[in-house]
Amino acid sequence: MMSETTGTATVQHAGEEAITFEVERASGASVREPLTGQIPPIDVGKDRFPYCIVWSPLPCISWFLPMIGHMGIADSSGVIYDFGGPYFISEDRMTFGAPTRYMQFSPSRVKALNWDRAVRDANEEYRKRMHNLFCDNCHSHVAYALNKMAYRDKTNWNMVILGWEIFVYGSFTDCTGFLKTWLPFLILMTIIAVISITVSGPSTV
């Protein structure tokens, strides 16, 4: 039988950081317990990104502005959820294609609701919301989850902070992910440069 005792505990595997993990009791209360076992590995081929936020390019928009894209958040087993449109949360298949970048977070830095509960709450909330490209979008959905869990003791996560973090600190999934992110932009810039040089013509003295 599950005990109703609450408290904080940690577990540490050889060569790994000590991890504190929060679970929910049958009573509805949340307590922090050790994570029993290692965090599942990232599997790019199967689109499994445990404890990650993930990013994929937006057609046309990311070609001109590669720092702008579509974002989702994965649960502890690696299943991705993203706010794909009005009242719609996509599960296990990102709305605009497989992720090309990701950033893995540490469950030991979750300070409030546990990771999966916060992701679930964010999904339930955003299934009730109209999508707004500028004010309430996929980044906002991820920020809602991080604020719920008070990740890094912060409750002011927003689309700007997340966009900056994934662009600066995010890892590419592989070489294909790098090319999908940057190749369209580089091709467009090359075309623009060639047209500009052609139109301006040779310089005269």
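Helices and strands are here DSSP runs, of at least four residues for helices and at least two for strands, and they are numbered from the N terminus. In this predicted model, Asn137 is placed in the loop that connects α2 (115-126) with α3 (138-149).

**Sheet**

- Six strands form an open sheet in the order β6-β5-β4-β3-β7-β8, and their pairing is antiparallel. Because β6 (88-91) and β8 stand at the edges and have a single partner strand each, one side of each is left without a neighbour in the sheet.
- Strand β4 (residues 69-74) and strand β5 (residues 80-85) run antiparallel and are joined by two bridges, and Ile73 stands opposite Tyr81 in β5.

**Helices packed on the sheet**

- Helix α3 packs on the sheet, where it touches β3 (52-57), β4, β5 and β6, and its direction makes about 30 degrees with that of β4.
- Helix α4 (residues 159-169) also packs on the sheet, touching β3, β4, β7 (101-104) and β8, while its direction makes about 100 degrees with that of β7.

**Largest pocket**

- The largest pocket holds about 430 Å³ of space, and 20 residues line it, with Ile68, Gly69, Leu133, Asn137 and His139 lying nearest its centre.
- At least two residues of the lining come from each of β4, β5, α3 and α4, and α4 gives the most, with five residues.

- Once neighbours within four places in sequence are left aside, the contacts of Asn137 are with Phe83, Tyr126, His131, Asn132 and Met159. Asn137 is also one of the residues that lie nearest the centre of the largest pocket.

- The side chains of Thr173 and Asp174 are joined by a polar contact of 3.3 Å.
- Not counting residues up to four places away in sequence, Thr173 touches Val44, Phe49, Pro99, Thr100, Arg101 and Tyr102.

Notes:
Residues numbered from 1 in each chain as written. Predicted model: local features only at pLDDT ≥ 70, side-chain atom pairs only at ≥ 80, totals over all residues. Heavy atoms only, no water. Contact = heavy atoms within 4.5 Å. Polar contact = N/O pair within 3.5 Å; in protein donor to acceptor, adjacent residues only side chain to side chain. Pairing = 2+ DSSP bridges. Axes fitted to C-alpha atoms, helices over the stretch in contact; angles between N-to-C directions. 1 Å grid on protein atoms, 1.4 Å probe; cavity = no way out; pocket = protein on both sides within 12 Å on 5 of 7 lines; lining within 4 Å. Points joined across faces, edges and corners; volume = space filled by probe spheres on them.
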